[in-house]
Amino acid sequence: MFYRVLAQAYDEIESTSGTLDKIQLYSDMLKNAEPAEIDMIVALTMGKLHPDWKSEPEIGIAEKMAIQVVATAASVPEKVVVDLLRKTGDIGSTGEALLQESAQATLFAEDLTVSLVYNALAQTAKLSGSGSNKAKVSKLAGLLTDADPIEARYILRTVTGSLRLGLGDMGIIDSLSTAFTGNRDARGDIEAAFNVCSDLGSVANVLVEKGIDAVRDIHTQVGVPIRMMAAKKLSDAEEIMEKIGKKAFVEYKYDGERVQAHKNGNEVVLYSRRQEVITHQYPDVVQLILTNIKAESCVLEGECVAIDPDTGKMRPFQELMRRRRKTNIESMQKEVPVALFVFDILYLNGADVTSLPMLDRRKLMEETIEVSDRVSLTIGEFTEEPDRLYEIFEEAINTGYEGVIAKAIHENSRYQAGARSWLWIKLKASYTEGLADSADLVIVGAIHGRGKRTGLYGAILASAYDDMTDTYPTVCKIGTGFTEEMLTEFKERLDEHKIETKNPKVISGIDADVWFEPVEVIEVLGDEITSSPTHPAGKGRIAGDAGLAIRFPRFTGKWRDDKDPTQATTVDDLIEAFEKQRQTRE
Ligand code: ATP
């Protein structure tokens with residue numbers, strides 16, 4: 001398929017507001033594609049050439065480089081590109097306009113196909129070492145000179161991560177279902193396959209080449225990360241017991257990093273929450289698994305927690321993150337040793353065990369794990385009593401845990417890959433202290449500091465993630481409670497992601513002095529969620545013309561490096577919490 005067809009579909013989808021219409025347009029385009037190109041189209045639309053876990057080089061180029069690419073392709077000075085970029089606020093339209101003016105574009109344009117564009121981007125991503133930046137600029141500029149202006153717009157948006165179609169993963173899944181099965185009924189099957197193999201491109205390939213039955217046949221495999229199950233949150237013990245099915249296994253909530261460990265013979269691979277390979281970060285955990293797990297092959301999940309080498313006591317999450325950021329893993333292993341607390345099993349000796357009830361899985365874990373001071377199962381207890389649940393919670397808090405997670409144990413209490421459902425419900429100290437909740441927010445902008453804070457950032461603009469539209473609407477400006485250390489860290493970390501103008505995926509009612517790529521995720525505590533005339537999160541989905549804001553927000557000091565920005569608190573989460581807050585007050 002010509003890339004032009006994809007670009008035109010993107011253009012139409014962007015200018016259409018209804019989700020169903022967007023899905024129809026995307027699905028019509030998919031039907032016209034060569035089967036062998038479907039995975040590439042899905043990958044380009046998701047903005048990643050490969051799933052994270054394949055550890056292949058990604059294209060994501062910084063805005064600064066994109067400016068050089070446009071300048072080279074359109075034969076204009078970089079300043080011309082920067083000036084226009086400031087006006088349009090979008091590198092895609094900037095490139096489009098400048099290439100339109102450049103005679104070259106029309107004289108020598110070659111017909112670009114989807115595979116040609118995909119392969120050119122993949123080759124560019126692979127360039128590394130000295131001189132690679134120059135080579136990348138020249139390769140991408142070459143691609144743009146062969147492109148029509150509209151194609152250039154979308155190539156630039158794809159490589160800078162600013163493609164904004166308003167489809168999201170579920171929109172793509174709905175479109176695949178519509179295109180290749182005739183309606184949206186197969187969305188659940190496609191989503192389930194995506195959840196167990198973490199690669200929507202390859203699911204699309206199976207669908208188009210072998211049909212929906214083959215998609216239903218995609219199961220858990222060792223060496224392919226499974227999208228992780230998540231917990232809902234509630235602050236009332238009675239309500240938790242009610243929602244969970246009256247009986248629960250209540251586990252302590254450990255404050256570390258979640259790890260999904262895949263063991264196959266003598267080989268162990270560890271994946272993070274965002275499905276990145278983190279094996280090299282934890283050679284000690286690999287060793288623990290090899291010595292303490294009695295299975296030929298298995299997939300386990302647990303929390304990796306920093307411990308004090310002398311006392312064996314758990315240390316705060318920040319300690320673990322400090323170790324994660326260091327490159328001298330050997331010495332950090334001694335300085336910040338870790339223990340692994342296993343809480344789930346997904347695969348054992350050739351069998352997918354995700355559909356077994358929770359207590360059966362727990363039994364398998366007991367049989368598989370040889371407990372030591374460094375590897376054990378999470379502490380937990382069966383209860384039917386809300387009062388006992390609350391007591392366990394208090395014991396957990398008093399002994400240094402983050403809270404508890406109540407887990408359903410009825411016959412349908414399977415491991416639900418990729419879902420945040422009522423099978424797991426968490427209760428944390430912050431929920432019971434009258435605070436609205438903690439939220440994981442994406443930093444999108446900042447305001448320059450004044451007085452003592454000159455040269456640093458005085459306030460941070462933070463967003464939730466809207467998974468329905470794949471955008472980052474702001475929810476608060478955080479300007480108080482920062483320590484000197486926090487301010488310095490903001491400056492150091494954020495300056496790496498500075499951009500000339502707001503990323504088109506960011507929607508903000510406030511003007512920032514500096515904008516950033518939406519990549520850094522932090523934990524924020526707030527007093528309550530209020531309706532807001534300023535912040536756009538949830539606008540149109542709650543009463544009136546207001547959006548939602550987090551009141552009196554403060555940074556907890558916790559950088560959520562283990563979270564992808566699309567795993568931040570969603571607008572739906574905030575709407576749910578807002579509604580709940582309203583009911584409680586009535
Ligand atoms: P939070 O910020 O509350 O950790 P989250 O969005 O990171 O939430 P959730 O899936 O909502 O993640 O909460 C569950 C997380 O708690 C898991 O990802 C895991 O890392 C951690 N955890 C700690 N102890 C347990 C346990 N016993 N069982 C399951 N998860 C646990």
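Which domains does the domain assignment of the protein give? The assignment lists domain 1 (48-159), domain 2 (230-432) and domain 3 (439-585), with bounds that come from an automatic or database domain assignment. The structure is a predicted model, in which local features need pLDDT of at least 70, side-chain atom pairs count only at pLDDT 80 or more, and totals for chains, interfaces and linings use all residues. Residues are numbered from 1 along each chain as its sequence is written, and side-chain values use heavy atoms, with hydrogens and water left out.

**Domains and cores**

Between the C-alpha centres of domain 1 and domain 3 there are 30 Å. Nine residues of domain 1 are in contact with six residues of domain 3, where contact means heavy atoms within 4.5 Å.

A nonpolar core is a set of buried Ala, Val, Leu, Ile, Met, Phe, Trp, Tyr and Cys residues joined through side-chain atoms within 4.5 Å. Buried means under 20% relative accessible area, exposed means over 50%, and partly exposed lies in between (1.4 Å probe, protein chains only). The largest nonpolar core has 114 residues, and Y3, L176 and I190 touch the most other members. Helix α4 (residues 63-74) gives the largest share of this core, eight residues. Helices are DSSP runs of H or I with at least four residues, strands are runs of E with at least two, and both are numbered from the N terminus. This core lies between domain 1 (48-159) and domain 2 (230-432), because both give residues to the core.

I190 is in contact with I173, L176, S177, L200, V203, L207, I212 and V215, leaving aside its neighbours within four places in sequence. A second, separate core has 32 residues, including Y457, F516, I542 and F555.

**Salt bridges**

A salt bridge is a side-chain nitrogen of Lys or Arg within 4 Å of a carboxyl oxygen of Asp or Glu. The whole structure holds 49 salt bridges.

E14 is partly exposed, because its relative accessibility is 27%, whereas R157 is buried at 9%.

R274 has a relative accessible area of 19% and is therefore buried, while E276, at 30%, is partly exposed. K491 is partly exposed at 23% relative accessibility, and D495 is also partly exposed, with a relative accessible area of 29%. Salt bridges that share partners link K48, D52, R274, E276 and D564 in one network.

**Around the ligand**

Which residues come nearest to the ligand? Of the 20 residues around the ligand, these are E303, R420, K426, R560 and K563; a residue is near a molecule or strand if one of its heavy atoms lies within 4 Å of it.

Some atom pairs can be named with their distances. An N or O atom in the side chain of K563 is 2.7 Å from an oxygen atom of the ligand. For K253, a polar side-chain atom lies 2.8 Å from an oxygen atom of the ligand. In Y252 a backbone N or O atom is involved, and it lies 3.1 Å from a nitrogen atom of the ligand.

Conventions. A polar contact is a pair of N or O atoms within 3.5 Å; within protein, one must be able to donate a hydrogen and the other to accept it, and residues adjacent in sequence count only if both atoms are side-chain atoms.
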